[in-house]
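Here is a short report on a protein structure. The sequence and model come first, and the text then moves from fold to interface to single residues.

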There are 2 protein chains.
Amino acid sequence: MTPPLHLSLAGQAVDALRELVLTGEIPAGTRVNEVELAARLGISRGPLREAIRHLASEGLLVLVPHRGAHVPEAGPADVKALFELRTALECAAAELAASRRTDADVARLHAVCAESRRTYQAGERFPYRLDLAFHRALLEAARSPYITEQVHLVQQRVVLLRSGLQDHPPHQRASLDDHDALVSAVAAADPSRASDVMRRHLARVCAQMLTSLA
Amino acid sequence: MTPPLHLSLAGQAVDALRELVLTGEIPAGTRVNEVELAARLGISRGPLREAIRHLASEGLLVLVPHRGAHVPEAGPADVKALFELRTALECAAAELAASRRTDADVARLHAVCAESRRTYQAGERFPYRLDLAFHRALLEAARSPYITEQVHLVQQRVVLLRSGLQDHPPHQRASLDDHDALVSAVAAADPSRASDVMRRHLARVCAQMLTSLA
DNA sequence: AAACTGCCAACTGTCGACAGTCAACAACGC
DNA sequence: GCGTTGTTGACTGTCGACAGTTGGCAGTTT
């Protein structure tokens with residue numbers, strides 16, 4: 001059928017399902033039917049079940065015994081709790097990045113910031129993609145694999161919460177400034193300042209998400 | 001067979017496998033045979049596979065395509081990286097606990113510390129169980145569900161690394177003092193001091209594990 | 001009319017069997 | 001004797017079918 005495919009069906013199913021969830025194609029609260037979805041993806045229920053369980057372990061799905069899986073519906077309390085976790089992880093990452101960063105790391109961070117600002121001034125709005133790229137560049141500089149892994153998982157859940165939300169330009173402007181301040185603290189090898197800036201940045205983003213949610 | 005069991009076979013398999021891994025009954029590096037283990041647990045391969053994937057998502061197993069799962073072998077670099085994650089999470093938890101704790105929380109923490117000290121002075125060594133209980137009591141006071149969840153997962157991985165290691169009494173003595181200092185900071189509602197104490201505590205524990213490992 | 005009880009359809013949980021892949025072993029050539 | 005290649009065995013990946021449970025619907029009772 002598919003001879004030179006280097007990924008198992010379960011692996012493909014994970015990617016496909018993740019896409020369906022993150023794009024909001026499967027709305028929050030909707031129950032996922034195994035047989036139906038398996039047919040839609042062209043695979044059997046076995047691999048699909050593994051994919052469902054995997055995404056559940058990432059927090060993108062919620063399992064209910066004998067009642068299947070559904071995309072979680074998040075309230076303000078969830079957003080706050082999730083950002084407490086994100087703050088813990090990313091502040092630590094910022095600290096580590098400030099103490100471990102190489103010149104190449106700083107250059108990369110500057111490049112991402114520059115591109116973000118350019119895109120923002122050109123199109124009145126910079127894509128979320130660049131925000132993710134910035135945080136990932138920071139993680140790279142932190143060189144802490146387990147923290148990096150966890151931040152990626154948390155960011156995914158934030159993306160899930162963001163689906164159906166749009167950013168206001170003023171908030172974007174503030175984020176750009178935060179990013180610049182963060183790069184400056186990292187470049188200056190000042191861990192505690194980097195942590196503080198990150199904390200304020202995430203507090204702002206969290207507050208903005210809470211108002212957009214209400 | 002087992003009529004009034006309120007847990008799915010996969011759920012039971014998760015618990016059983018977790019026990020086998022954490023107790024070291026399945027040594028690090030050993031490959032896990034699905035058919036053999038399924039027979040041993042008295043279930044089919046389907047639920048067992050789900051259990052294996054679940055534990056892999058918790059970091060207790062490593063999956064290799066077409067070659068099954070095995071318990072990860074951890075070196076010093078892994079220990080350091082894991083403790084960077086643990087420090088990020090538990091320092092944040094200590095901060096939150098210090099700012100949110102109720103009198104009941106403080107009482108609970110005091111009780112755990114007292115029992116630890118009593119057991120230590122009586123038997124020259126206090127069980128790891130009480131150390132876990134202390135950190136869990138602190139998490140309860142922090143009231144941050146996602147951080148709590150992640151700390152539990154990390155603690156599990158630490159237990160995995162600890163299997164086959166024994167504590168030296170002097171290190172235990174230091175831990176007892178750290179715990180007391182932590183309770184005092186939390187009781188005084190001093191988040192930054194709580195975070196600092198936790199950081200020092202975990203640095204000590206990490207260093208001790210690294211020396212025991214070599 | 002409202003509440004309760006028994007049935008029914010749909011779905012999840014589980015199983016056994018088949019197919020594909022990888023690694024070790026053996027035979028062969030150099 | 002050593003490296004290479006074909007073969008074989010064991011194991012994982014996948015599938016289709018069966019069994020158990022859940023929630024809803026119809027029928028009945030008060």
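Contact here means heavy atoms within 4.5 Å. This is a predicted model, so local features need pLDDT of at least 70, side-chain atom pairs count only at pLDDT 80 or more, and totals for chains, interfaces and linings use all residues. Residues are numbered from 1 along each chain as its sequence is written, chains are lettered from A in the order in which they are written, and side-chain values use heavy atoms, with hydrogens and water left out.

**Chain A**

In chain A, residues 24 or more positions apart supply 72% of the contacts that have a separation of 6 or more. Chain A has nine helices and three strands. Helices (H or I, at least four residues) and strands (E, at least two) are DSSP runs, numbered from the N terminus. The order along the sequence is α-β-α-α-β-β-α-α-α-α-α-α. The C-alpha trace of chain A spans about 55 × 45 × 35 Å along its principal axes. Of its 214 residues, 46% count as buried. Buried means under 20% relative accessible area, exposed over 50%, and partly exposed in between (1.4 Å probe, protein chains only).

His201(A) sits in helix α9 (residues 191-213) of chain A. His201(A) is buried, at 1% relative accessible area. Its side chain makes a polar contact with the side chain of Asp178(A) at 2.9 Å. A polar contact is a pair of N or O atoms within 3.5 Å; within protein, one must be able to donate a hydrogen and the other to accept it, and residues adjacent in sequence count only if both atoms are side-chain atoms. Beyond neighbours within four places in sequence, His201(A) is in contact with His135(A), Ser175(A), Asp178(A) and His179(A).

Arg125(A) lies in the loop between α5 (103-123) and α6 (128-142) of chain A. Arg125(A) is partly exposed, at 43% relative accessibility. Gln172(A) is 47 residues away from Arg125(A) along the chain, yet their C-alpha atoms are separated by 7.3 Å.

**The interface**

Chain B and chain A bury about 1900 Å² between them, 51% of it on carbon and sulfur atoms. Buried area is the accessible area (1.4 Å probe) that two parts lose on being put together, summed over both. Glu50(B), Glu84(B) and Tyr146(B) lose the most area on the chain B side, together 32% of what that side buries. The contact takes 23 residues from chain B and 23 residues from chain A.

Across this interface there are 12 residue pairs in polar contact, both residues at pLDDT 80 or more. In chain B, α3 (45-57), α4 (76-100) and α7 (145-162) each supply at least two residues of the side that touches chain A. The largest share, 11 residues, comes from α4(B).

**Salt bridges**

A salt bridge is a side-chain nitrogen of Lys or Arg within 4 Å of a carboxyl oxygen of Asp or Glu. The structure holds 34 salt bridges over all chains. Eight cross the interface of chain B and chain A.

| Pair | Distance |
|---|---|
| Arg199(B) and Glu95(A) | 3.1 Å |
| Glu115(A) and Arg129(A) | 3.7 Å |
| Arg204(B) and Asp178(B) | 3.3 Å |
| Asp105(B) and Arg143(B) | 2.1 Å |

Asp105(B) lies in helix α5 (residues 103-123) of chain B and Arg143(B) in the loop between α6 (128-142) and α7, so the pair ties together parts that are 38 residues apart in sequence. Asp105(B) is buried at 2% relative accessibility, whereas Arg143(B) is partly exposed at 43%.

**Cysteines**

A disulfide is a pair of cysteine sulfur atoms within 2.5 Å. A search of the whole structure finds zero disulfides. For Cys91(B), the nearest cysteine sulfur is that of Cys91(A), 12 Å away. The sulfur of Cys206(B) is 12 Å from its closest cysteine sulfur, in Cys91(B), too far for a bond. Cys91(B) is buried at 5% relative accessibility, and Cys206(B) is buried at 10%.

Cys91(B) belongs to helix α4 of chain B. Leaving out residues up to four places away in sequence, Cys91(B) touches Arg86(B), Ser195(B), Met198(B) and Arg199(B).
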